[in-house]
Amino acid sequence: MPPRPNPSNPNSKRPPSTSQPSQIDISSLVPTRFGILLFPAFQALDAFGPLDALNALSWTHPMTLAILTPVPNSLAPLSTLTSIPTSPGFTQSVVPTHTLEDAPELDVLLIPGGMGLFNGGGGEEMQRLTEFIRKIYPSLHSIISVCNGASLLARSGILAGKSATTNKAFFQDVVASGAEVGDGEEAINWVKKARWVEDGKIWTSSGVSAGIDVTLAWMGKVYGEEVAEWVAKGMEYTRHEDAGSDPFAEVHGVI
């Protein structure tokens with residue numbers, strides 16, 4: 001990321017965009033309290049890609065971040081380590097700030113995917129995650145899932161009657177996770193070809209890197225496209241601005 005701009009020093013270095021976006025007048029409807037729901041064996045870029053975009057947003061907007069763990073009574077680091085035995089020493093860890101039991105009030109909840117959601121199956125950890133999502137959802141401004149993080153939304157029941165997408169490599173597995181949510185008008189409409197899908201306050205994205213695109217798209221809608229474009233340029237990231245552009249649907253045989 002580029003150096004943080006210093007508003008008090010007009011000669012300080014700024015991100016390499018043509019200009020810094022003007023500060024948006026923040027009303028009570030603009031979200032300021034963010035949370036990310038992590039778990040053992042989360043996918044690194046699912047979490048860090050959106051968070052880095054939000055880091056840049058926090059330079060120009062007041063924001064707080066809660067890092068949530070489903071492990072009860074513990075703030076032990078959560079690792080990206082999976083059950084794949086090839087390189088057990090190659091991993092990254094994040095120290096959470098809150099458990100689900102003492103989570104603060106949130107406006108936006110980010111849910112990454114990862115192998116841990118397959119490993120967790122239908123156990124107690126998965127139940128704690130889905131119950132938390134179900135409980136907090138009504139009070140949220142927005143909820144954003146990346147990759148197979150959509151399976152948690154499906155299991156929680158909040159996707160009933162909604163449209164959503166997910167990682168195309170694991171598309172059928174995620175669809176199966178929401179098979180019991182409902183039928184008819186209450187069935188989940190899984191969109192096979194989409195970089196991301198917006199349905200009300202629920203935003204779901206395709207796999208891994210798509211989390212950056214859905215975050216920037218959400219940012220553009222909430223804070224203005226000027227802000228989203230400034231963040232993307234600061235990250236030197238070439239955005240996918242078409243939500244329906246999804247070559248991986250064909251790559252993985254979903255369509």
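Tutor: We shall go from the whole chain to single residues.

Student: What kind of model is this, and how are residues numbered?
Tutor: This is a predicted model, in which local features need pLDDT of at least 70, side-chain atom pairs count only at pLDDT 80 or more, and totals for chains, interfaces and linings use all residues. Residues are numbered from 1 along each chain as its sequence is written, and side-chain values use heavy atoms, with hydrogens and water left out.

Student: How many helices and strands does the chain have?
Tutor: The chain has eight helices and eleven strands. Both are DSSP runs numbered from the N terminus: helices are H or I with at least four residues, strands are E with at least two.

Student: What share of the chain is buried?
Tutor: Of the 255 residues in the chain, 47% are buried. Buried means under 20% relative accessible area, exposed over 50%, and partly exposed in between, with a 1.4 Å probe and protein chains only.

Student: In what order do the strands of the seven-stranded sheet run?
Tutor: The order is β5-β2-β1-β6-β7-β11-β10, in an open sheet with mixed pairing. Two strands pair if DSSP finds at least two bridges between them. The edge strands, β5 (98–99) and β10 (196–199), each pair on one side only.

Student: How does β10 pair with β11?
Tutor: Four bridges join β10 to β11 (residues 202–205) in the antiparallel sense. Within β11, S205 stands opposite W196.

Student: Which strands does α6 touch?
Tutor: Helix α6 (residues 210–223) packs on the sheet and touches β1, β6, β7, β10 and β11. Its direction makes about 150° with that of β11. Contact means heavy atoms within 4.5 Å; axes are lines fitted to C-alpha atoms, for helices over the stretch in contact, and angles run from 0 to 180 degrees between N-to-C directions.

Student: And where does α3 lie?
Tutor: Helix α3 (residues 124–136) lies across β1 (33–37), β2 (64–69), β6 (108–111) and β7 (142–145), at about 155° to β6.

Student: How do α6 and α7 pack?
Tutor: Helix α7 (residues 225–234) packs with α6 at an angle of about 145°, and their axes are 6 Å apart. On the α6 side the contact is made by L216, M219, G220 and Y223, and on the α7 side by E225, V227, A228, V231 and A232.

Student: Now the core: which residues touch the most other members?
Tutor: In the largest nonpolar core, of 65 residues, they are L37, L109, I143, W190, W218 and M219. Such a core is a set of buried Ala, Val, Leu, Ile, Met, Phe, Trp, Tyr and Cys residues joined through side-chain atoms within 4.5 Å. α6 gives the most to this core, with seven residues.

Student: What about T166: buried or exposed?
Tutor: T166 is buried, with a relative accessible area of 0%. Its place is in the loop between β8 (163–164) and α5 (171–177). Leaving aside neighbours within four places in sequence, T166 is in contact with residues including C147, W190 and S205.

Student: What is the phi of C147?
Tutor: C147 has a positive phi of about 60° although it is not a glycine. Most residues other than glycine have a negative phi. C147 lies in the loop between β7 and α4 (150–156) and is buried, at 4% relative accessible area.

Student: And N73: buried or exposed?
Tutor: N73 counts as exposed, at 79% relative accessibility. Its phi is also positive, near 55°, and N73 is in the loop between β2 and β3 (78–79).
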